[in-house]
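Take a look at the model below.

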Amino acid sequence: MENFISERTKLLKPSATLYLNRKAKEMKMKGFDIINLTVGEPDFDTPWEIKEYAIKAIKDGYTKYTEEKGLKELREAICEKLEKENNLNYDLEEIVVSNGAKHSLFNIFMSILNTGDEVIIPIPYWVSYPAMVIICGGIPVFCKYNDKFKIDIDHLKSKISKKTKAIVLNTPSNPTGIVYDKKEIEEIAEIIIKNKILCISDEVYEKIIFDKEHISIASLSEDMKNLTIIVNGVSKTFAMTGWRIGYIACKKEMADSIAKIQGQTTSAPSSISQKAAYYAIKEGENLYKNMVEEFKKRRDFLVKNLPNIIKYPYPEGAFYMFLNIKDINSKELSEKLLMEKLIAVVPGEDFGVDNYIRISYATSIENLKKAIERINEFVEELI
Ligand SMILES: Cc1ncc(COP(=O)(O)O)c(C=O)c1O
């Protein structure tokens, strides 16, 4: 079978996350009281009104293929959202709806990368960025972080070459939960404009933000808007991960090329999910306000109760924290936490950082209380 597998696929590294997840599941099946802090999706159900709207769509017969770029009314709702919430004007033809933001990203890399083109990916990164760049024939070029776990500007400048096609920006960030300030985004934008590269701005955690306003890099200037491809979706904001709806907003030529790829691969996302996403985006804040408040309470609880010895960048958004415990190697630390304290976490190695682990607080406060007790015990035993 080995002979049949493409060289491209062989370039992908096996993920340490999957290995630990499997181990945690096996232990849970054997009856161990595992606390799972690996989860990458809200632990809340999709709001009932969204489900009802989708049920009505089925009853009304919305069961056919939609336009390649997505349902017109959904794209209209996205344009309205971008104008109202991000101060950005896009035309209907500049929006493409896909099967989740992950699929949007894949379509983008497929449409911009020639073999050997480079994409700058700031560390720590969401695991799928480098994997997708490699699948599409590109080369991920990693950029170091500064003391706030944000892009190290000097390093970024040194990494731009003639082959650089794009940079990925993710704020609020998975895995750290950090959020970029306007000034920091302006600094990055200046470099992007000067070098005429694209910015793939992953804004899927836009609404899960606690102490700040989200700023889309595209909103800084017309020049920056022309070089940005915004990626967003309904998965995280509306607890709709399983519905698989994401979208992009960018210049029409790029949107057309992305739609061409989509048209020949998936046609378009599910018509029912698009209807549900339309309702979610139209209704907006009322549907996610309570969930975000709950995430904030959990973030505050963790920040207050994690032992002092644990270091982390201060989380201002998403539902993750990135922890360092006495510089212990991330894989070793994850295994120890699982085997000794029955806590499942994600090793930072998968995000490009060896001595950190990612925890997710997309779980109940009761579970987080138990986790804190066990982490405290773990830390005491280390000293
Ligand atoms: C940073 C980031 N971008 C994109 C995605 C993809 O989201 P989806 O495909 O569910 O819309 C995720 C999901 O975990 C993510 O963490």
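Ala, Val, Leu, Ile, Met, Phe, Trp, Tyr, Cys and Pro count as nonpolar, Asp, Glu, Lys and Arg as charged, and the others, Gly among them, as polar. By that scheme, the shell around the ligand has five nonpolar, four polar and four charged residues.

This is a predicted model, in which local features need pLDDT of at least 70, side-chain atom pairs count only at pLDDT 80 or more, and totals for chains, interfaces and linings use all residues. Residues are numbered from 1 along each chain as its sequence is written, and side-chain values use heavy atoms, without hydrogens and water.

There are 13 residues around the ligand (a heavy atom within 4 Å). Those that come nearest are Ala-101, Asp-202, Ser-235, Lys-236 and Arg-244. Now the polar contacts (N or O atoms paired within 3.5 Å). Asp-202 places a polar side-chain atom 2.6 Å from a ligand nitrogen. A backbone N or O atom of Ala-101 is 2.7 Å from a ligand oxygen. For Lys-102, a polar backbone atom lies 2.9 Å from an oxygen of the ligand. On its own, the ligand has 390 Å² of accessible area (Shrake-Rupley method, 1.4 Å probe), and the protein covers 92% of this.

Next, the cysteines. How many disulfides (cysteine sulfur pairs within 2.5 Å) does the structure hold? It holds zero.

Notes. Polar contact = N/O pair within 3.5 Å; in protein donor to acceptor, adjacent residues only side chain to side chain. Disulfide = S-S within 2.5 Å.
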